[in-house]
Amino acid sequence: MRIEVGRGGRRKVIAQQWGAPDGSPVLLHHGMPGSRLGVALGDAPERHPHVRFFAYDRPGYGDSDRAPGRRVADAAADSAAVANAFGIGRFAVVGRSGGGPHALACAALLPDRVTAAACLVGMAPHDGAGLDWYAGMTPYNVEHYTLADHDPAALELRLTARAEEIRRDPGRLLEDLRGDLPAADLRVLADDRVRRSVLGNFREALRTSAYGWLDDSLAFRRPWGFDPGGITAPVMLWHGAEDVFSPVGHFHWLAERIGHGTAVLKPGAGHFAAQYALSEALDWLRT
């Protein structure tokens with residue numbers, strides 16, 4: 001579905017819904033780079049027949065119009081507009097990886113609509129007091145975000161070229177990352193279901209441009225526009241102890257600030273284990 005958002009409806013986002021039409025609505029926020037097609041494995045509706053899933057491509061991904069200069073906080077208004085278009089009032093949110101901060105934004109800024117939030121292998125704000133944001137992070141990501149800080153134009157050129165390569169071969173990104181992946185992540189990516197989902201996700205995310213990838217990267221290194229510590233809805237934080245993309249320090253920082261939440265740290269799990277954690281999050285939402 002094409003949905004008009006922003007002042008005067010000047011910008012479009014692409015969204016879809018599936019699952020139980022009369023089920024409990026859950027908005028799924030995709031990772032980076034990502035799209036609505038990569039938010040859940042294909043058997044999610046069968047495993048959770050009580051859920052009405054919905055998702056959208058963040059600005060700049062797929063056919064969703066770009067919103068230059070967007071902040072993490074801006075996801076709240078877009079999410080509300082998508083929910084309105086589907087006739088949904090109150091809903092839960094789940095975000096994986098780069099979708100985690102956007103799910104937290106919805107919980108913080110839509111307190112009358114968001115019933116609960118789950119953040120799976122998410123990041124903490126770059127300016128979080130006492131947080132060493134880069135500690136434990138793979139060199140690939142350190143270089144990426146350093147460019148976001150100091151030379152966004154160079155990052156745009158790099159991501160544009162990489163997006164072209166990934167459009168031709170979606171597996172290219174995984175191959176580039178392979179040397180930095182712990183054994184736990186390699187085991188998950190050996191699952192054909194996961195690999196197919198990840199590759200289809202990359203293909204759709206970067207089909208038209210690299211702008212979503214670029215703007216996510218810049219947004220994560222700018223002030224988010226809200227305080228995670230101010231969230232009043234129930235929050236689940238789920239993290240793999242061996243995560244090198246969103247290091248475990250981010251999890252601990254968020255857990256300390258969102259003191260009323262449920263914090264789950266999985267020994268022996270990496271970043272991509274969150275592909276399986278969605279079921280755990282959905283079960284938690286029902287409790």
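A charge sits over a ring if NZ of Lys or CZ of Arg is within 6 Å of the ring centre and within 35 degrees of the ring normal. In this predicted model, Arg221 meets that description with Trp133. Arg221 lies over the face of the Trp133 ring, at 4.6 Å from the ring centre.

Aromatic contacts come next. A pair of aromatic rings is described by the distance of the centres and the angle of the planes. The model holds 7 aromatic pairs. One of them joins Trp18 and Phe53. Trp18 belongs to strand S2 (residues 11–19), whereas Phe53 belongs to strand S4 (residues 51–56). The pair therefore ties together parts that are 35 residues apart in sequence. Trp18 is partly exposed, with a relative accessible area of 21%. Phe53 is buried, at 0%. A further pair is formed by Trp224 and Phe226. This one is tilted, with 5.7 Å between the centres and 35 degrees between the planes. Trp224 and Phe226 are both buried. Elsewhere, Phe54, Phe86 and Phe91 make up one aromatic cluster.

Pro45 is placed in helix H1 (residues 44–47). Its relative accessible area is 22%. Buried means under 20%, so Pro45 counts as partly exposed. Leaving aside residues up to four places away in sequence, Pro45 touches Trp18, Gly19 and Phe53. Gly19 is 26 residues from Pro45 in sequence. In space, the C-alpha atoms of Gly19 and Pro45 are 5.2 Å apart.

Helix packing was examined for H2 and H3. Two packed helices are described by the angle between their axes and the distance between the axes. Helix H2 spans residues 75–85 and helix H3 spans residues 99–109. Their axes come within 8 Å and cross at roughly 80 degrees. Angles of 65 to 115 degrees count as roughly perpendicular, and H2 and H3 are therefore roughly perpendicular to each other. From H2, the contact involves Ala75, Ala76 and Ser79. From H3, it involves His102, Ala105, Cys106 and Leu109. By class, the contact of H2 with H3 has 5 nonpolar and 2 polar residues. No charged residues take part in the H2 contact with H3.

Note on methods:
Residues are numbered from 1 along each chain as its sequence is written. This is a predicted model: local features need pLDDT of at least 70, side-chain atom pairs count only at pLDDT 80 or more; totals for chains, interfaces and linings use all residues. Side-chain values use heavy atoms; hydrogens and water are left out. Rings of Phe, Tyr and Trp (its six-membered ring) pair if their centres lie within 6.5 Å; planes under 30 degrees apart count as stacked, over 60 as edge-to-face and the rest as tilted. Helices (H or I, at least four residues) and strands (E, at least two) are DSSP runs, numbered from the N terminus. Buried means under 20% relative accessible area, exposed over 50%, partly exposed in between (1.4 Å probe, protein chains only). Axes are lines fitted to C-alpha atoms, for helices over the stretch in contact, and angles run from 0 to 180 degrees between N-to-C directions. Angles under 35 degrees count as roughly parallel, over 145 as roughly antiparallel, 65 to 115 as roughly perpendicular and the rest as oblique. Contact means heavy atoms within 4.5 Å. Ala, Val, Leu, Ile, Met, Phe, Trp, Tyr, Cys and Pro count as nonpolar, Asp, Glu, Lys and Arg as charged, and the others, Gly among them, as polar.
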